[in-house]
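Please consider the numbered points below alongside the sequence and the model.

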Amino acid sequence: TVSVRPDDMFLLCSDGVSREISDRRILEAVMVAETAEEACELLVDLANERGGRDNITVVALRFPG
């Protein structure tokens, strides 16, 4: 069980993302994204820009505020 607060986001991503983008940069991307969809798109774009050498999958869920 996990407690969530308004605007919390859960992020699941494949190693095609986590190997290409640092944890700090992933957090920055999530923080600037206005929606979960935007966060996913930004992370996919960043992973591709850094080479996209593996499958790139991102799922994000933001809890309403």
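1. In H3, the buried residues are Ala36, Ala39, Cys40, Leu43, Leu46 and Ala47, where buried means under 20% relative accessible area, exposed over 50% and partly exposed in between (1.4 Å probe, protein chains only). Because they cover an arc of only 135° around the axis, they lie on the same side of H3; the arc is that of the directions from the helix axis to the C-beta atoms.

2. This is a predicted model, in which local features need pLDDT of at least 70, side-chain atom pairs count only at pLDDT 80 or more, and totals for chains, interfaces and linings use all residues. Residues are numbered from 1 along each chain as its sequence is written, and side-chain values use heavy atoms, with hydrogens and water left out.

3. Helices (H or I, at least four residues) and strands (E, at least two) are DSSP runs, numbered from the N terminus. The buried residues of H3 pack against strand E1 (9-13), helix H1 (15-18), helix H2 (23-32) and strand E2 (58-62), contact meaning heavy atoms within 4.5 Å. On the face turned away from the buried side of H3 are the exposed residues Glu37 and Glu49.

4. Just after H3, glycine 51 has a positive phi of about 125°.

5. With a disulfide taken as a pair of cysteine sulfur atoms within 2.5 Å, the count is zero. The closest cysteine sulfur to that of cysteine 13 is in cysteine 40, 9.6 Å away, which is too far for a bond. Cysteine 13 is partly exposed at 33% relative accessibility, whereas cysteine 40 is buried at 15%.
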